Amino acid sequence: KRNMSGKIYWILSDHLHETHLEGFNPSSDVVFICEFYEDLIPVKHHKKKLVLVISGMRHFGRTLIEKKYTVHYVRLNDPDHSHSIELELKKVLQKYPNHQLHVGMPSYYGLKETIKDLQLPISIVNNPQFLSTPDEFSSWAENYKVLRMEYFYRKMRVKYSILMDDQHPVGGKWNYDAENRKPPNEGLDSPPPLQINKDDITLEVIQLVNDRFKDHFGDADDFHYAVTRDDAIRVLKHFIKQSLPLFGDYQDAMIKDNVWMYHSHISFYLNAGLLVAKECIREVESAYLAGKCPLNSAEGFIRQILGWREFVRGIYWLKMPGYADLNFFEADRDLPEFFWTGATKMLCMAQAVDATRKYAYAHHIQRLMVLGNFALLAGLAPAQVSAWFLIVYADAYEWVELPNVSGMTLFADGGYLASKPYAAGGAYINRMSNYCRDCHYKVSQKNGKAACPFNYLYWDFLIRNRAKLQDNARLGMMYRSLDRMDETKIVAIRDDADRFLSSLPEA
């Protein structure tokens with residue numbers, strides 16, 4: 001036992017960065033890392049997510065030991081693990097009496113409440129992996145009747161002087177999103193992502209996950225993600241060199257059997273703590289200033305991290321716990337089985353689910369405009385859709401998943417986060433992908449059994465939710481188009497939607 005006073009720095013599974021240990025005193029302080037179920041599996045996460053997180057924790061613990069930190073590490077399969085975080089915390093407090101426990105802000109509301117209820121001397125402190133705090137966001141939000149990411153993003157650009165020319169944005173515009181929507185050209189083929197070889201720790205964790213979590217979604221074996229900070233930095237640098245120049249142009253594009261496109265795939269590491277936001281932003285800004293990528297790519301990448309990522313986290317902590325229960329459209333349809341199996345004749349859906357099952361990954365347009373768009377149009381229950389997204393993606397934590405799915409994707413908050421529902425028919429998917437060419441359904445057909453289901457589901461969604469949406473200025477043109485349809489067309493839309501949704505297992 002150490003009788004001297006000091007601090008115990010409790011590192012959670014997504015706090016794998018040394019910034020959490022700022023002020024650490026080697027002569028008196030301790031790092032506590034514990035693999036426990038409430039932290040690892042608030043839901044039944046994809047097996048690859050569990051490998052990423054547990055292997056990341058074990059590598060981080062090893063790195064800290066090599067750097068001469070005093071580390072108290074509890075592995076999930078240790079024979080004396082109580083599997084009670086309260087008991088494990090009491091053990092470490094008994095071993096190091098007179099120590100004050102510190103933990104960074106957890107990534108989901110439930111764990112924060114659990115920690116607060118432990119009746120132990122724990123201080124919950126700011127999470128240094130982010131560039132704004134919940135209090136800062138709340139103060140900003142008080143000045144606006146309607147919250148929009150763009151204005152928060154501009155504030156953050158100025159605060160950190162990112163892509164700024166004095167007080168003005170570099171290039172004269174804040175946002176180049178309009179230049180980032182090119183459809184995939186015929187023959188477009190993106191470079192492969194950097195794959196990381198498995199070491200002994202990761203192989204051991206894969207075996208652990210296969211033994212203890214065998215009924216979880218996906219598989220653990222074909223694993224090639226980074227689990228150390230050094231390798232995460234390699235992935236970032238590889239992206240900047242290989243894919244960033246075309247990331248802006250094609251970030252919304254989708255190609256059959258191409259999972260990775262020009263995306264960075266660093267959200268795994270940002271959200272776990274192996275990378276931090278500021279270094280990723282600075283690296284990309286430096287690449288632009290050095291002439292290694294165009295402004296639309298640099299700005300588009302930075303906006304995702306400095307703008308959107310910080311914005312959705314602010315929304316989450318501002319609106320929880322009630323945000324999880326919102327259901328503006330009163331949608332109540334059960335999640336179809338093909339979200340788990342991929343067994344659907346809709347090729348775009350099958351491709352997105354297949355990538356998700358294999359890699360615990362699909363890029364943001366597959367998530368928003370294929371999977372999410374279908375969930376919105378079909379009226380799937382928001383709680384079930386949110387649970388699915390949280391389970392299946394390796395970068396999913398509740399703070400980022402819930403606002404993105406409930407607010408952005410499903411409009412379940414009634415427009416608090418997004419200005420309109422992100423609903424689209426088959427034409428959008430056809431424009432931004434090559435899926436429709438090989439699909440069982442015909443995107444050129446608007447009605448009938450052979451028609452792309454997105455075509456009639458889109459109009460059916462507008463029809464059945466008209467009372468709640470017709471005053472939305474951004475949907476005025478679509479409702480005027482709807483009003484020009486004759487009654488025969490309306491009946492066909494409703495009949496097709498009813499037929500399709502009543503037979504979803506065969507879709």
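Predicted model: local features only at pLDDT ≥ 70, side-chain atom pairs only at ≥ 80, totals over all residues.

Trainee: Why is asparagine 472 called buried?
Mentor: Buried means under 20% relative accessible area, exposed over 50%, and partly exposed in between (1.4 Å probe, protein chains only). Asparagine 472 has a relative accessible area of 16%, so it is buried.

Trainee: What does the side chain of asparagine 472 reach?
Mentor: The side chain reaches the backbone nitrogen of arginine 474 at 2.9 Å. A polar contact is a pair of N or O atoms within 3.5 Å; within protein, one must be able to donate a hydrogen and the other to accept it, and residues adjacent in sequence count only if both atoms are side-chain atoms. Asparagine 472 itself sits in the loop between α20 and α21 (476-483).

Trainee: Why is arginine 466 called partly exposed?
Mentor: Its relative accessible area is 25%, so arginine 466 is partly exposed. Arginine 466 belongs to helix α20 (residues 466-469). Helices (H or I, at least four residues) and strands (E, at least two) are DSSP runs, numbered from the N terminus.

Trainee: Which residues does arginine 466 touch, leaving out those up to four places away in sequence?
Mentor: They are Tyr479, Leu482 and Asp483. Tyrosine 479 is 13 residues from arginine 466 along the chain, and their C-alpha atoms are separated by 8.4 Å.

Trainee: Is aspartate 496 buried or exposed?
Mentor: Aspartate 496 has 9% relative accessibility, so it counts as buried. This residue lies in helix α22 (residues 487-502). Its side chain is joined to that of arginine 499 by a polar contact of 3.2 Å.

Trainee: How many helices and strands are in the chain?
Mentor: The chain has 22 helices and seven strands. Its radius of gyration is 24 Å, close to the 23 Å that the globule rule gives for 507 residues, so the chain is as compact as a globular protein of that length. That radius is taken over C-alpha atoms, and the rule is 2.2 Å times the number of residues to the power 0.38.

Key. Residues numbered from 1 in each chain as written. Heavy atoms only, no water. Contact = heavy atoms within 4.5 Å.
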